[in-house]
Amino acid sequence: MSDGAVLVTGGAGYIGSHAVLALLDAGHRVVVVDNLSTGFPFLVDPRATLVQGEIEDEALVRGAMRDHGVIAVMHFAGSIIVPESVTDPLKYYRNNTVASRSLIGSAVASGVRHFIFSSTAATYGMPEIVPVSEDSPKLPINPYGTSKLMTELMLRDVAAAHDFNYCALRYFNVAGADPQGRTGQSTAGATHLIKIAVEAAIGKRDHVTVFGTDYDTADGTGVRDYIHVSDLAAAHVDALGLLIARPGESHTLNCGYGRGYSVNEVLDAVDRVTNLKIERRYAERRLGDAGELVADNRRILETLPWRPKRDDLDGIVKDALAWERKLAEIRGE
Ligand code: UFG
């Protein structure tokens, strides 16, 4: 519990809306700034204040910081589609890097001293050593990863120059939904495996395409470290506590369970949970995909009190499926 409020950018989006719930449930006050380009107001818990606007709008952001007594920022807003970042890199440098620069500037100018940043495993590119640790080379292979890495570097330099500390959380594959059914992944045009698979399970798609069967993995399909979005949200709340308690320290932490599942194993879990046999169509590798991305998560376990509570693939699928059904109901599909 803190006296000041937390400003959450992208709080009407998938991961941001879960963080809003985790913050509120922990007793924090929350102000969301979201331009609603991909987010939805119905995902924002009514206990939070929702300000619709751009995070680059320094007058708006500084006004919100002042009016609500903001002490920390959690920065989720941004563009996240890897292939789109390849065809439209300037969109990613604007929405992710330039917008973050404005937001960090507003925080510094307003005396907001703590900043939690949504970074990504995409900053590592195609790591040679898996599980991948935070000190592994940062060699992003797409503008999305580069745009996020550039923000990490800005935060590093700003923390060295100002009374300011940060935590960059490098997410692996985020999936699932709030177990209480209050929010979940709702953006149209999903590309993420578990979202696509549960859409197929409720009849919105007739098959799932498996991209690549010739990776150097046990069954040849891509291996990822899937983390439940509510566990991830909880890590943010713990990171905030640490930044407040130790103002001189900043941290960069992988967020994953440290265990990988192949595409086929994920689809087996979906079949198990749904009692269906969803058609799999095997296809070529997707451009730019790594074979295996699994977190070395020792640092987050050493640094935060955080412990995974939902490290269970079937449970992740169940929660994703329950939200997909609810979403179809809400939208009258
Ligand atoms: N996959 C399929 N079929 C699909 C969708 C995905 O086979 O329809 C496979 C992918 O090839 C990959 C795995 O499922 O092997 C996971 O793919 P996702 O699209 O769910 O997630 P990514 O691993 O591609 O992306 C994640 C994050 C990105 C981040 C990236 C880092 O969502 O934000 O990791 O590489 F940039």
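Start by selecting Asn95. Leaving aside residues up to four places away in sequence, Asn95 touches Gly78 and Ser79; contact means heavy atoms within 4.5 Å. Now show the helix around it: Asn95 sits in helix H4, residues 89-110. Helices (H or I, at least four residues) and strands (E, at least two) are DSSP runs, numbered from the N terminus.

The side chains of Asn95 and Arg94 make a polar contact at 3.1 Å. A polar contact is a pair of N or O atoms within 3.5 Å; within protein, one must be able to donate a hydrogen and the other to accept it, and residues adjacent in sequence count only if both atoms are side-chain atoms. Asn95 and Ile55 are 40 residues apart in sequence, and their C-alpha atoms are 9.2 Å apart in space.

A note before moving on. This is a predicted model, in which local features need pLDDT of at least 70 and side-chain atom pairs count only at pLDDT 80 or more, while totals for chains, interfaces and linings use all residues. Residues are numbered from 1 along each chain as its sequence is written, and side-chain values use heavy atoms, with hydrogens and water left out.

**Two loop stops**

Select Leu36. Its phi is near 60 degrees, a positive value in a residue other than glycine. Leu36 lies in the loop between strand E2 (29-34) and strand E3 (49-52).

Next, select Val130 and Pro131. The peptide bond from Val130 to Pro131 is cis, with omega near -5 degrees. Pro131 belongs to the loop between strand E5 (114-120) and helix H5 (143-161).

**Two domains**

Color the chain by domain. Domain 1 is 5-175 + 227-255, and domain 2 is 193-224 + 258-330; the bounds come from an automatic or database domain assignment. Their C-alpha centres lie 24 Å apart. Across the boundary, 30 residues of domain 1 are in contact with 26 residues of domain 2.

**The ligand**

Where does the ligand lie relative to domain 1 and domain 2? Both domains give residues to the shell around the ligand, so it lies between them. Select that shell: 19 residues surround the ligand, and the closest are Leu193, Thr209, Arg224, Arg286 and Asp289. A residue is near a molecule or strand if one of its heavy atoms lies within 4 Å of it.

By class, the shell has 10 nonpolar, six polar and three charged residues. Here Ala, Val, Leu, Ile, Met, Phe, Trp, Tyr, Cys and Pro count as nonpolar, Asp, Glu, Lys and Arg as charged, and the others, Gly among them, as polar.

A polar side-chain atom of Asn173 lies 2.9 Å from a ligand oxygen. A polar backbone atom of Thr209 is 2.6 Å from a ligand nitrogen. An N or O atom in the side chain of Arg286 is 2.8 Å from a ligand oxygen.

Helix H6 (193-201) and strand E8 (208-211) are the elements that give two or more residues to the shell. E8 gives the largest share, three residues.

**Last stop: a sheet**

Show E12, E9 and E14. They form an open sheet of three strands in the order E12-E9-E14, with mixed pairing. Strand E12 (261-262) and strand E14 (292-293) are the edges, and each pairs on one side only. Two strands pair if DSSP finds at least two bridges between them. Strand E9 (residues 223-224) and E14 run parallel, joined by two bridges. Finish on Val223: its bridge partner in E14 is Glu292.
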